[in-house]
Amino acid sequence: MSGKSRGPRARKALGQHFLTDSGVLADIAAAVRVPAEGLLFEIGAGTGQLTGTLLDAGHEVVALEIEPRLLEHLRRRFPDRPRLTLAHGDARLLDLSEVIPPGRPFSVVGNLPYFAAKPIIRHLIEGAPLPSELVVMVQREVAREITVNPGKLSLLGISVQNYAVAEPLFDVPPNAFDPPPAVHSSVVRLTLRETPLVPRERTEAFFALVSGAFRNPRKQIHNSLSRAPGGHVPESVRPALDAAGIDTHRRPETLAIEEWLALLDAFEQAAAHA
């Protein structure tokens, strides 16, 4: 069942598509898992359709909106809701400690703008304070890239899965929005790991290795590493792959994070004995 969005119209120049389908709104609200004594941090509150659904479900909500006209609409729509805090800011840059009460655990929920979804997710899972999980809507292709298993991992997939367990929840058709976007959307859950798979002191070296290889993702791993800008000399690549137990004919997208770590170990050990 769909309904018309209340309040200001979406601005195409900002890539706005307001979620109005009451069934999808209810599904998102049912999917969120709020930690004990915690709250929900909603990104991109827009006209308040999801905000109202979350409040009606009994949640305490901190709702972030970047556009002043929509923030003013939210103030008018929810004039006396003690469990709602409205905040103004850009989720790609926001210092969460400015809007999340000290010591309060929280989860994130929201319909992320397509053009900003990737930097928003990276900012949330790599920053501080950390949420316990994210239930967010993104473009379907991005959702698949984030949640894919090793075999077709992209640099984005590795970047997200290093910090969180990613799972697809459900797809959302264009007619659930006002106005309908030209693409399909998906809701995903990202459950933050207690510690990243890659130790923080090795993060820079790890992603330098991985991002270099993904400059040529369709080439075999020994060729992509040999051609990576500022990468390893070709003579060191095959011995390192052998030491890590990785077939030289595989492509970068087929390697799991643990295999990249083993390969990093091999390169560092070789450099230490050079």
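Buried means under 20% relative accessible area, exposed means over 50%, and partly exposed lies in between (1.4 Å probe, protein chains only). Helices (H or I, at least four residues) and strands (E, at least two) are DSSP runs, numbered from the N terminus. This is a predicted model: local features need pLDDT of at least 70, side-chain atom pairs count only at pLDDT 80 or more, and totals for chains, interfaces and linings use all residues. Residues are numbered from 1 along each chain as its sequence is written, and side-chain values use heavy atoms, with hydrogens and water left out.

**Figure 1. One side of helix H9 is buried.**
Helix H9 covers residues 234-244, and its buried residues are Val-237, Ala-240, Leu-241 and Ala-244. They span an arc of only 100 degrees around the axis, which puts them on the same side of H9. The arc is that of the directions from the helix axis to the C-beta atoms. Glu-235, Asp-242 and Ala-243 are exposed on the other side of H9. The buried residues of H9 pack against H8 and H10. Contact here means heavy atoms within 4.5 Å. Just after H9 comes Gly-245, with a positive phi of about 75 degrees.

**Figure 2. Leu-261 in helix H10.**
Leu-261 is found in helix H10. Is Leu-261 buried or exposed? Leu-261 is buried, with a relative accessible area of 14%. Leu-261 touches Leu-197, Val-198, Pro-199, Arg-202 and Phe-206, not counting residues up to four places away in sequence. Ala-244 is 17 residues from Leu-261 along the chain, and their C-alpha atoms are separated by 8.9 Å.

**Figure 3. Aromatic pairs.**
Rings of Phe, Tyr and Trp (its six-membered ring) pair if their centres lie within 6.5 Å; planes under 30 degrees apart count as stacked, over 60 as edge-to-face and the rest as tilted. By this rule the count is 2 aromatic pairs. The rings of Phe-206 and Phe-207 have centres 5.0 Å apart and planes at 85 degrees, so this pair is edge-to-face. Both Phe-206 and Phe-207 are buried. Phe-214 and Trp-260 form a tilted pair, 6.2 Å centre to centre with 40 degrees between the planes. This pair links distant parts of the chain, 46 residues apart: Phe-214 sits in the loop between helix H7 (203-213) and helix H8 (221-226), and Trp-260 in helix H10 (residues 257-272). Both Phe-214 and Trp-260 are buried.

**Figure 4. The buried face of helix H3.**
Leu-70, Leu-71, His-73 and Leu-74 are the buried residues of helix H3 (residues 68-77). Seen down the axis of H3, these residues fall within an arc of 160 degrees, so they line one face of the helix. The face turned away from the buried side of H3 carries the exposed residues Pro-68 and Arg-76. Which strands do the buried residues of H3 pack against? They pack against strand E1 (18-19), strand E3 (61-65) and strand E4 (84-88).

**Figure 5. Strand E9 and its partners.**
Strand E9 (residues 185-192) is mostly covered, with 7 of its 8 residues buried. Two strands pair if DSSP finds at least two bridges between them. Strand E6 (residues 133-139) pairs with E9 in the antiparallel sense over 7 bridges. Val-135 stands opposite Arg-189 in E9. Strand E7 (residues 164-172) also pairs with E9 in the antiparallel sense, over 8 bridges. Val-188 in E9 is the bridge partner of Pro-168.

**Figure 6. Pro-174 in its loop.**
Pro-174 is found in the loop between E7 and strand E8 (177-178). Pro-174 touches Pro-180, Pro-181, Val-183 and His-184, not counting residues up to four places away in sequence. His-17 is 157 residues from Pro-174 along the chain, and their C-alpha atoms are separated by 9.3 Å.

**Figure 7. The largest pocket.**
On a 1 Å grid over the protein atoms alone, a pocket is an open set of points where a 1.4 Å probe fits, with protein on both sides within 12 Å along at least five of seven lines; lining residues have an atom within 4 Å of a point. Grid points are joined across faces, edges and corners, and a volume is the space filled by probe spheres set on the points. The largest pocket has a volume of about 600 Å³. Of its 33 lining residues, the closest to the centre are Gln-16, Gly-44, Glu-65, Asn-111 and Pro-113. E1, strand E2 (39-43), helix H2 (49-56), E3 and strand E5 (106-111) each supply at least two residues of the lining.
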